[in-house]
Amino acid sequence: MKVGFTLEKDEFEYDIRGLLMAFYPGADIIQDPKPEDAVDVLWNVPTCDLPARVDRKTWMKDVMYRRISEATGITLPWGTLTGIRPTKLAMAELLAGKSIAEAAEVMEKVHLVSPEKSLLSANIAAREQEILKNIDYTDGYSLYIGIPFCPTTCLYCSFTSYPMSRWEPRMGEYLDALEKEIDFTAERFGNKKLNTIYIGGGTPTSLPPALMERLLSRLEKTFSYQDLQEFTVEGGRPDSITPEKLAVLKNHPVTRISINPQTMNEDTLRRIGRRHTVQDIRDAYAMAREMGFDNINMDIILGLPEETPADVAHTLEEIRKLSPDSLTVHSLAVKRASRLKMEAEGTVVAGGTQEESEEMMRLSQEAAAAMGMEPYYLYRQKNMAGNLENTGYAREGKAGIYNILIMEEKQTIVALGAGTVTKGVFPPDRIERCENVKDIEQYLARIDEMIERKRKLFV
Ligand code: SF4
């Protein structure tokens, strides 16, 4: 399907496009279409006067939303919101002194968010405030380290990931470069408090035990852990987890790990190219518990190819038997770079119907509640199945602090490694990013330039 739009005034093109994508998932959205584009629907966005009660962008999106919703009969759970951090809006209302109910009302009235999602956002924002209360926003910072290797490439992957078999002989070189960034960060942030560390990827446990030991020892020697409140290592793929690697993590102050099934259905695992079994997931989890890890997260994905709500219910039941400490539920977002998208020749194939997506989301909410977990962070992505969201659930005291920090953009996160993005948060309201190149060869060759970029950001 092709959807065209024209703007009377050249502004908010990105937001209008996002709204149209939400109403017409998978459609080609064309600005100022020509007759030969043969669009199926054409929307004109009029110039409008700024009403006093809201900003101009919110008003334009409100007008567009109401018109399209009336014409199509479709309502969107997130209303006019097209950004990835809806809880930030609820958080701003709470910080302005509003109650949870009042913050939810603003989401509903101003941004046309459904009552259910409005209350969810406000409740999550309140929980985030509570969890972050001991975090020093201005004098503290967090560290992200990217390990961009994986056993195989998942069909839906759009992250920085390279096959570990090819890169294993050169992983030491990768650590050499990382260590340069580590030393720079320790020197530049020596007078700040390091609050959280997150080692993600890729799959960090694709590092052999000796290199994992080298990395963790180097971090421990270089930084003060006096103010460290959380240290996460994402195990990710169960086929990369061994007793030796877990023993290395145990020898260092790692507080939280992830073992991510994505699904507990054998056929789907094969279909998405994971090349490990459901039993591998159970074994890796049992091994970690036996070794004393008391904060284990599991990630699942809703909307995987050919999965129905019954498959998701099965996955959730299997996860309930394992009883992790937190559960992160992703709705499949198919980005441009993923094989899934490319193999579908530009068509978003994941997700099933809107009703199925909503049913899967409801099942996961119920399963998390049955495991004694509460939602504690939430974010959205473009091209998300069913126009829904990703939600992190956790038991009391087991929430991932880093996850909230990155979503709420309250604290500087220094990111090291290929394809990572550093985010400098400068109060009261300046946020600036600086990227490391994705390609590992380039990262190794241009490591001094990557450090220079950070030096400029944090002058
Ligand atoms: S484990 Fe994650 S980073 Fe690695 S290939 Fe799969 S989706 Fe990509």
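In the predicted model, the shell around the ligand comprises four nonpolar, six polar and one charged residues. Cys-150, Thr-153, Cys-154, Cys-157, Phe-159 and Ser-161 are among the residues of this shell. Gly-201, Gly-202, Thr-203, Gly-236 and Arg-237 also surround the ligand.

Two of these ligand neighbours, Gly-201 and Gly-202, are joined by a cis peptide bond, with omega near 15 degrees. Gly-202 is placed in the loop between β7 (193-201) and α8 (209-222). A cis peptide bond is also found from Pro-427 to Pro-428, where omega is near 5 degrees. Pro-428 belongs to the loop between β15 (421-426) and β16 (430-435). Most peptide bonds are trans, and most residues other than glycine have a negative phi.

With regard to phi, Ala-38 is not a glycine, yet its phi is positive, at about 45 degrees. The residue lies in the loop that runs between β2 and β3. Ala-38 is exposed, because 10 other C-beta atoms lie within 10 Å, and a residue with 12 or fewer counts as exposed. Glu-409, likewise not a glycine, has a positive phi of about 55 degrees. Its place is in the loop between α15 and β14 (413-416). Glu-409 has 13 C-beta neighbours inside 10 Å and therefore counts as partly exposed.

The strands on either side of the Ala-38 loop, β2 and β3, belong to an open sheet of three strands. The order in this sheet is β2-β1-β3, and the pairing is parallel. Strands β2 (28-31) and β3 (41-45) stand at the edges with a single partner strand each, so one side of each has no neighbour in the sheet. On average, and with direction ignored, neighbouring strands of the sheet are turned by 20 degrees against each other. Strand β1 (residues 2-7) and β2 run parallel and are joined by four bridges. Within this pair, Lys-2 is opposite Asp-28 in β2. Helix α1 (residues 13-23) packs on the sheet and touches β1, β2 and β3. The direction of α1 makes about 150 degrees with that of β1.

In soluble globular proteins, nonpolar side chains tend to be buried together. The largest nonpolar core of the model has 111 residues. Those with the most contacts inside this core are Ile-259, Ala-288, Leu-327, Tyr-376 and Ile-404. Helix α15 (residues 401-408) supplies six residues, the largest share of the core. Beyond its neighbours within four places in sequence, Ala-288 is in contact with Leu-246, Ile-257 and Ile-259, and also with Phe-293 and Ile-296.

Arg-455 is located in helix α17 (residues 447-457). This residue counts as exposed because it has 12 C-beta neighbours inside 10 Å; the limit for an exposed residue is 12 or fewer. Between Arg-455 and Ala-122, the separation is 333 residues in sequence and 37 Å in space, taken from C-alpha to C-alpha.

Key:
Residues numbered from 1 in each chain as written. Predicted model: local features only at pLDDT ≥ 70, side-chain atom pairs only at ≥ 80, totals over all residues. Core = buried A, V, L, I, M, F, W, Y, C linked by C-beta atoms within 7 Å. Buried ≥ 20, exposed ≤ 12 C-beta atoms within 10 Å, placed from the backbone. Helix = DSSP H or I, 4+ residues; strand = E, 2+ residues; numbered from the N terminus. Contact = placed C-beta atoms within 7 Å. Near = placed C-beta within 6 Å. Nonpolar A, V, L, I, M, F, W, Y, C, P; charged D, E, K, R; others polar. Pairing = 2+ DSSP bridges. Axes fitted to C-alpha atoms, helices over the stretch in contact; angles between N-to-C directions.
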